[in-house]
Each structure stands twice: as structure tokens, then as C-alpha cells.
Amino acid sequence: MQLELLRQRIIERIDAQSTQLQEIALKLHAHPEIGGEEYFAQELLCTYAAQQGFEVNKGLAGVPTSFSATRKSGEGAKVAFLAEYDALPEVGHACGHNLIAMASTAAALGLASVLDSVGGEVTLFGTPSEETNGAKVPMAAAGLFDTYDAALIVHPGGRTCVDASSLALDAIEFTFLGKPAHAAGAPHEGINALDAVISLFNNLNALRQHLTSDVRIHGIITEGGVAPNIVPERAVARFYFRAAERSYLNEVVEKARNVARGAALATGCRLEMRNFELSFDNLRSNRLLAATFKGHLEALGVSDIEPPSKSMGSTDMGNVSHVAPAIHPSMRIGPRTLVSHTHEFCQAAATPEAVAAMLTAAKAMALTGLDVLTNPELRQQIRDEFLAAR
Ligand SMILES: [Zn+2]
Ligand SMILES: [Zn+2]
């Protein structure tokens, strides 16, 4: 069948389901669940996907609220659409993940409607806890995305931008263990763990000067002693380290570990270090896949696509982008001044304008997926770019 007819069919399929899809977005919005507790969202999305003929599996990679919903026809390439659906405490769906869930569901539905004509496999992955302990990290580590030719997700925001990037992130906790003593009566008997933490901060600040400008280091002291007249026996600091590339971040973190070791040596403390949250890899947006998506977005009438900006955040989609060709564009759903994680964003995430914008994004996602399924040359070029970046 002609490509143009297949495209038409995808768009018609998403349009025909737009009322149900909008209902999904609004129900999720009215019922916000924080990371790890997204059982209502999982049930809603899985029930709908099953009704649409997808084969559903829940609880992947040890994450209870994750799922996959797959449609397959004959042999062919594989495309994944990733849904997020966690909300934030207090401010609800102030990151618009209800819209991400809707858009990825719509894209999977649209692309699945032509599978019998083109062959291949479409999976909607439910990926919980993006805001906290990103489930894409264990899901990627378990190899769930390895066999996919493309993995797509679109995030709502105040700007439409196709080539997103994000920083690799490590979360390290430094615990220094000293020896208590009367701080005035017998200070020479004590080993001051707080001094070690202060030395850690000062020497990390000295280290900053000799790191590339993409690096972000920011920390807090979570324990710093119990009373001024007791030499602090135990002091703890938690830091986030971020950099544009995972390989460089690994170097930075090793330098930071050495700084901590130096602080322990200088003060006589014992040192323990651990990762207190999951590590995120930097987002490597596949340029060719992004360009294909952009072409479809423009053909669908979206004209306000802005040039790439360097994001200083981090996302678990980064880990997916290291195991499969991936994109993570953002789509404008309201005023340009929209800032995520605010009450204003939460309100914007339930407007008809936002739903319409994200359904347009969903169509571009599905049409990009169609290109991946039907164009082996494009598929290979996307794969080559992905492998070259590794
Ligand atoms: Zn967020
Ligand atoms: Zn978000």
C-alpha cells in the first residue's frame, strides 16, 4: 500500500480515538499519583491498550507499576513509544506526564493500525517514577529496549524543540566517621567529622575551576553533628554530579571521590561513599530520528519549532538513549513562559489546547515510526548514527 495512504490511515485512527484519548489525559490529571504508586494510571492505560488489541504485561524489571503493551504482525522492525505517568507531590501533574501517557498511547494506537500492511512490532512501554527513581534505568539495564529500532517520547512544555539533550547524573552520599569528645575539655581526643565535610565542600569548590563548563556539582549537608560541645562523630553530605557526557562524568566523580578521600585522610576520619539514587545517563538524541520527527511535525502544521537548547536537567530517558536510538522532543502546550513543576503548568496540562498539541505530537511520533518500519535504509542510517555515538 502506498505510504501516503498509510499515513492517512494513522492520522484518521488517532482522530477517531481522540475523545477517548483526551479522557485518558484528563482522568490521569484528576487522579495524580507520585512515582511508584501509579496503579490507577497503569490500570487505565493497560485496560485501554488491551481493548485496542495490544498484548499487555505488567510489572517489568521489578517495577510493579510499569508495563508493556505490544502489537505484532509478521516479521519486521520494532518501534517503542514510552509513556510516563507519575505526578508530583502538592502540584499534581505539573510536569504534564498525563499528556505524555496520552501521546505515546495515541502514537502506539496509530502505528498499530497499519501493522498488518507493513509488518513489524509496536510497543507502548509504561515507565513509572520519572521524577524520582526513574524506572527506565532498571528497564534499560534489563535489556527491554535493546532490540528496538527506535524509542520515542515527547514531553510537554512552553517551547517546541526537537533536539533535546540532558545531563548524565550521579547522586553520591559521603559519610565521614570520626570520634566524639568534649569540644572544650578534651578536643585533642576527638576526630571531627564535620571538618571533613567542610573540607569536602571547599575542595570540590576548588575542583570546579578545572572542570568543563557543562559540569554541575551541588550538595547539601544532611548530618553535621548533634551539639556544639561535642566533637561531631558523624557528618554526611549528599551531592549531585552532572555532566554532558557519561564518560566525562565518570572522571569527575572519581576526582570527587579523591577529594573526599583527601578530606578523610586530613582529618583522620573513616569514609563511606554510596550512590543514594539511581544514576542517569546523558540523553543522546538521535539526530536523524529527530529530523524525521521534525519533518512530520512541520507537515502537520507546527511552525514554531525552536533551535536546540542545552538543557541542564537530567532524565532517565538518557539511559534508554544509550541502548536504542531515541528522541525526547518537547512540545509547546501553552504560553512560552510556562515553567514546569508549577501550579500554572498543572493547569495548562489539562486544557483542550494542550491535548490538541500533544495529539499532533502523537501523530508525528506514529508517522516517524512508520518511516522506521517501512524504510530499511533510514533504519540502517539511524542505527549507524546510534552505534557511532556509543
Ligand atoms: Zn518533571
Ligand atoms: Zn517531566
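Reader: How are H9 and H13 oriented to each other?
Author: In this predicted model, helix H9 (residues 287-299) and helix H13 (residues 376-389) pack at an angle of about 135°, with their axes 8 Å apart. H9 and H13 are therefore oblique to each other. Angles under 35 degrees count as roughly parallel, over 145 as roughly antiparallel, 65 to 115 as roughly perpendicular and the rest as oblique. Axes are lines fitted to C-alpha atoms, for helices over the stretch in contact, with angles from 0 to 180 degrees between N-to-C directions.

Reader: Which residues make the contact of H9 and H13?
Author: Arg-287, Leu-288 and Leu-289 of H9 meet Gln-381, Ile-382 and Glu-385 of H13. Contact requires C-beta atoms, placed from the backbone, within 7 Å. By class, three of these residues are nonpolar, one is polar and two are charged. Here Ala, Val, Leu, Ile, Met, Phe, Trp, Tyr, Cys and Pro count as nonpolar, Asp, Glu, Lys and Arg as charged, and the others, Gly among them, as polar.

Reader: What conventions and confidence limits apply?
Author: Residues are numbered from 1 along each chain as its sequence is written, while chains are lettered from A and ligands numbered from 1 in the order in which they are written. As the model is predicted, local features need pLDDT of at least 70 and side-chain atom pairs count only at pLDDT 80 or more, whereas totals for chains, interfaces and linings use all residues.

Reader: Stepping back, how many helices and strands does the chain have?
Author: The chain has 13 helices and 14 strands. These are DSSP runs numbered from the N terminus (helices: H or I, at least four residues; strands: E, at least two). The radius of gyration is 24 Å, close to the 21 Å that the globule rule gives for 390 residues, so the chain is as compact as a globular protein of that length. That radius is taken over C-alpha atoms, and the rule is 2.2 Å times the number of residues to the power 0.38. Along its principal axes the C-alpha trace spans about 85 × 45 × 40 Å.

Reader: Now the sheets. In what order do the strands of the four-stranded one lie?
Author: The order is S9-S10-S8-S11, in an open sheet with antiparallel pairing. Strands S9 (216-224) and S11 (270-275) are at the edges with a single partner strand each, so one side of each has no neighbour in the sheet. On average, neighbouring strands are turned by 20° against each other, direction ignored.

Reader: How many bridges do S8 and S10 pair over?
Author: Strand S8 (residues 168-177) and strand S10 (residues 234-243) pair over ten bridges, in the antiparallel sense. Two strands count as paired if DSSP finds at least two bridges between them. Leu-169 has Arg-242 of S10 as its bridge partner, and Asp-170 stands opposite Phe-241 in S10. S9 is joined to S10 by eight bridges, also running antiparallel, and Glu-223 stands opposite Val-236 of S10.

Reader: Which strands does helix H7 lie across?
Author: H7 (residues 193-208) lies across S8, S9 and S10, at about 20° to S10. Helix H8 (residues 246-267) lies across S8, S10 and S11, at about 160° to S10.

Reader: And at what angle do H7 and H8 pack?
Author: The angle is about 140°, and the axes are 9 Å apart. That makes H7 oblique to H8. Their crossing is right-handed; the term applies if the near helix is turned clockwise from the far one by less than a right angle, and left-handed if anticlockwise. The contact includes Leu-200 and Leu-204 of H7 and Val-259 and Ala-263 of H8. By class it has ten nonpolar, four polar and two charged residues.

Reader: What is the handedness of the H4 and H12 crossing?
Author: H4 passes H12 in a right-handed crossing. Helix H4 (residues 97-112) and helix H12 (residues 352-374) pack at about 40°, with axes 8 Å apart, which makes H4 oblique to H12. Among the residues that meet are Met-102 and Ala-106 in H4 and Met-358 and Ala-362 in H12. Their contact has 14 nonpolar, two polar and one charged residues.

Reader: Lastly, what order has the sheet of six strands?
Author: That open sheet runs S1-S2-S4-S3-S5-S13, with mixed pairing. S1 (55-58) and S13 (326-327) stand at its edges, each with a single partner strand, so one side of each is left without a neighbour in the sheet. S1 is joined to S2 (residues 67-73) by four bridges in the antiparallel sense, where Asn-57 has Ser-68 of S2 as its bridge partner.

Key:
Two residues are in contact if their C-beta atoms, placed from the backbone, lie within 7 Å.
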